[in-house]
Amino acid sequence: MADQENCVRVTRAATKRAAAMAPLKDQPVLKKRVVLGELPNLSNVVVSVNKGSGGLTQKQKIKPKPKAKKAIIVKKDEASKGDIDGTSDDPQMCGPYASDIYEYLHKLEVDPKRRPLPDYIEKVQKDVSPNMRGILVDWLVEVAEEYNLVSDTIYLTITYIDRYLSLNVINRQKLQLLGVSSMLIASKYEEISPPNVEDFCYITDNTYTKEEVVKMEADILKSLKFELGSPTVKTFLRRFTRVAQEDYKGLNLQLEFLGYYLAELSLLDYNCVKFLPSLVAASVIFLVRFITKQKMHPWSLTLQQYSGYKPSDLKECVLIIHDLYLSRRGGGLQAVREKYKQHKFKCVANMPSPPEVPASFFEDLKE
């Protein structure tokens with residue numbers, strides 16, 4: 001009898017829980033939708049969301065549907081000076097082959113087939129401006145956040161966009177289509193569970209049909225000759241971050257997140273297209289160390305050895321990224337800045353920085 005009463009109580013409790021959860025199950029998962037449409041040619045445009053109206057007015061905070069992410073395993077002693085090339089027991093770090101791998105990646109990044117033209121907007125495009133490109137990139141960072149895409153996906157997406165625009169003339173009405181189709185390709189390349197075509201149609205408020213997205217995807221693949229595995233800033237940043245940790249005790253997550261923030265800011269600026277990914281990554285590390293340890297020289301002979309760049313090589317790129325960090329460039333593009341104001345990234349977007357980088361820091365180091 002007692003067992004029967006217990007069973008009844010358990011059944012009733014389960015029924016109540018099921019009833020409480022029923023309304024939640026019936027609620028649709030909302031996604032923010034944006035129509036970029038006629039991209040304005042303005043320097044400080046804020047990309048915002050106006051659901052279903054085709055405009056850029058009111059931003060909405062919507063919880064994204066969880067997507068599977070690649071696991072990243074970080075060891076506490078990973079950044080020690082004697083372990084720069086992953087000579088620990090972690091087989092994923094490929095310690096014995098690291099030097100050869102990065103030597104190959106350096107050769108790959110200078111391959112003309114995998115590089116965009118440094119001045120494609122001036123020489124190729126007629127209806128696309130640097131500011132339109134910045135608005136598109138900023139919005140794509142929001143899309144990547146919306147679908148919980150890994151950061152490698154956004155870097156590859158921008159690479160495909162720049163390479164395609166170096167070869168094909170398009171009008172501004174097709175620029176958003178190019179963006180989502182490039183992200184579709186990059187997602188298939190990098191993600192475990194990539195969003196489907198319908199997701200990318202919806203995120204543009206169905207401005208483009210599934211057939212248009214698929215056709216643009218085919219055009220991009222044809223233009224790039226299926227050469228999709230280009231090294232990006234993130235590729236080199238992984239190694240340079242390990243080297244940069246040499247002056248810090250243990251693993252410094254703030255340094256790592258600040259590096260990611262500066263690297264994503266560099267994607268916004270058309271003037272960074274001309275730089276090799278490895279040079280941008282080295283410039284990011286230079287600036288990270290300058291911001292976090294202002295009284296110490298931001299470069300070292302070890303960083304020079306592993307990156308292949310002297311301080312004087314980095315000057316132009318460092319100053320551009322520093323201006324981006326201080327909002328002296330692209331101040332109206334807020335998606336990357338808002339992303340890195342979150343606590344999960346240790347609020348690195350709020351870290352103060354001196355207004356100028358001393359010229360002496362760009363002088364070559366003495367051995």
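**Figure 1. The largest cavity lies between two domains of the predicted model.** Because domain 1 (109-224) and domain 2 (233-362) both give residues to its lining, the largest cavity lies between them; the domain bounds come from an automatic or database domain assignment. This is a predicted model, in which local features need pLDDT of at least 70 and side-chain atom pairs count only at pLDDT 80 or more, whereas totals for chains, interfaces and linings use all residues. Residues are numbered from 1 along each chain as its sequence is written, and side-chain values use heavy atoms, with hydrogens and water left out. A cavity is a set of points, on a 1 Å grid over the protein atoms alone, where a 1.4 Å probe fits but cannot get out, and lining residues have an atom within 4 Å of a point. Grid points are joined across faces, edges and corners, and a volume is the space filled by probe spheres set on the points. By this rule there is one cavity of 30 Å³ or more, and the volume of the largest cavity is about 300 Å³.

**Figure 2. Residues lining the largest cavity.** Of the 22 residues in the lining, Arg115, Thr159, Asp162, Val233 and Pro277 lie nearest the centre of the cavity. At least two lining residues come from each of α5 (151-165), α10 (253-268) and α11 (277-292), and α5 gives the largest share, with four residues; helices are DSSP runs of H or I with at least four residues, and strands are runs of E with at least two, numbered from the N terminus. By class, twelve lining residues are nonpolar, four are polar and six are charged, where Ala, Val, Leu, Ile, Met, Phe, Trp, Tyr, Cys and Pro count as nonpolar, Asp, Glu, Lys and Arg as charged, and the others, Gly among them, as polar.

**Figure 3. The largest nonpolar core, with Leu262 among its members.** The largest nonpolar core holds 98 residues, of which Leu178, Leu258, Tyr261 and Leu262 touch the most other members. The largest share of this core, eleven residues, comes from α11, and the core draws at least three residues from each of domain 1 (109-224) and domain 2 (233-362). Such a core is a set of buried Ala, Val, Leu, Ile, Met, Phe, Trp, Tyr and Cys residues joined through side-chain atoms within 4.5 Å; buried means under 20% relative accessible area, exposed over 50%, and partly exposed in between, with a 1.4 Å probe and protein chains only. Not counting residues up to four places away in sequence, Leu262 touches Val284, Leu287, Val288, Ile321 and Tyr325, a contact being heavy atoms within 4.5 Å.

**Figure 4. Two buried charged residues, Lys339 and Glu217****.** Lys339, in helix α14 (residues 335-339), counts as buried because its relative accessibility is 11%. Apart from residues up to four places away in sequence, Lys339 touches Val141, Glu145, Glu264 and Phe345. The C-alpha atoms of Glu217 and Leu178 are separated by 8.0 Å, although the two residues are 39 residues apart along the chain.

**Figure 5. Positive phi at Ser327 and Cys347****.** Ser327, which is not a glycine, has a positive phi of about 65°; Ser327 lies in the loop between α13 (311-325) and α14, and is partly exposed, with a relative accessible area of 37%. Cys347, likewise not a glycine, has a positive phi of about 55° and is placed in the segment after α14.

Terms used. On a 1 Å grid over the protein atoms alone, a cavity is a set of points where a 1.4 Å probe fits but cannot get out, and a pocket is an open set with protein on both sides within 12 Å along at least five of seven lines; lining residues have an atom within 4 Å of a point.
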